[in-house]
Amino acid sequence: MKKFGRILWSAVFFLVVAQAQQLPPGPQALASNTFADAHRMQLVQFFLDFAPGAWTPLHTHGGVGFISVLEGTMTVKEAGKTTAYKAGETWIEHPGTAAEVGNATQAKARLFVSFLLPKGAALTLVVPTATAGQTLPPGPTTLYQNRFEEVNLPMQFDLVQVVLEFAPGTWTPEHTHGGLGYATVVEGSILVRAKGGEKTYRPGEGWVEIPGEYAVVGNPGSTRAVVAVTFLLPKGASLTTTR
């Protein structure tokens, strides 16, 4: 089903707090999507680039996939229906439901995918078809993949995907989140200052933000940085709290 992303209000709140406290400007939310009532699973993050004409074979997954289009337009063929999703739009892939996903346009497309997988489940299974053995179109390119093991999930929660752009010199105020946050750097480099010290993360690298642990996150570099975060937010919890 098609679902439109909503703008992350906390990014705007960061800007207000920064001005009030004479802090550097906060990050700009490029995308924010919430998927309700995700299940108790492992978490795997994917960033996939689809060149024009690139398609997956008919396939299914061993867990639920929450997918946001970051760039371009994607086409999904599933259960006899063909649906196009533009940047900022989302869909969910369910285990046992076979689909083909591809880029039918002349421009590159990029996906941010969060899979929730049971222990031992296969991430992707190709479904045999009558066209087996024929030449298939090129598939997508995996830009980055991060697997977060032994995720301790609340019984009921929302899965929230957020993509943040940090301009050079942009910092968040000191903050924490109401649920676990699994962050991966997509572009540039990010510095995280927390209780245990500070660390720089580069494209493909990631970290976990723990509820109740305050941190400052920013871009001290001279080029922009982009971070994608998957939050597992218990029902009723605030996404972000600053101090």
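Mentor: A contact means heavy atoms within 4.5 Å. The model is a predicted one, in which local features need pLDDT of at least 70 and side-chain atom pairs count only at pLDDT 80 or more, while totals for chains, interfaces and linings use all residues. Residues are numbered from 1 along each chain as its sequence is written, and side-chain values use heavy atoms, leaving out hydrogens and water.

Trainee: Of the contacts in the protein chain with a separation of 6 or more, what percentage comes from residues 24 or more positions apart?

Mentor: The count takes in contacts with a separation of 6 or more. Within that set, the share of residues 24 or more positions apart is 83%.

Trainee: How many helices and strands does the protein chain have?

Mentor: Helices (H or I, at least four residues) and strands (E, at least two) are DSSP runs, numbered from the N terminus. For the protein chain, the secondary structure comes to one helix and 21 strands.

Trainee: Which strands hold the partners of the aromatic pair Phe46 and Phe115?

Mentor: Rings of Phe, Tyr and Trp (its six-membered ring) pair if their centres lie within 6.5 Å; planes under 30 degrees apart count as stacked, over 60 as edge-to-face and the rest as tilted. A search of the whole structure finds six aromatic pairs, and Phe46 with Phe115 is edge-to-face at 6.1 Å centre to centre and 90° between the planes. The pair ties together parts that are 69 residues apart in sequence, because Phe46 lies in strand S3 (residues 42-50) and Phe115 in strand S10 (residues 109-117).

Trainee: Are Tyr201 and Trp207 buried or exposed?

Mentor: Tyr201 and Trp207 form a tilted aromatic pair, with 4.8 Å centre to centre and 35° between the planes. Buried means under 20% relative accessible area, exposed over 50%, and partly exposed in between (1.4 Å probe, protein chains only). By that criterion Tyr201 and Trp207 are both buried.

Trainee: At what distance from the ring centre of Tyr214 does Arg243 lie?

Mentor: A charge sits over a ring if NZ of Lys or CZ of Arg is within 6 Å of the ring centre and within 35 degrees of the ring normal. Lys77 lies over the face of Trp55 at 4.7 Å from the ring centre. Arg243 lies over the face of Tyr214, and its distance from the ring centre is 3.8 Å.

Trainee: Why does Thr240 count as buried?

Mentor: Thr240 is placed in strand S21 (residues 240-242). Thr240 counts as buried because its relative accessibility is 11%.
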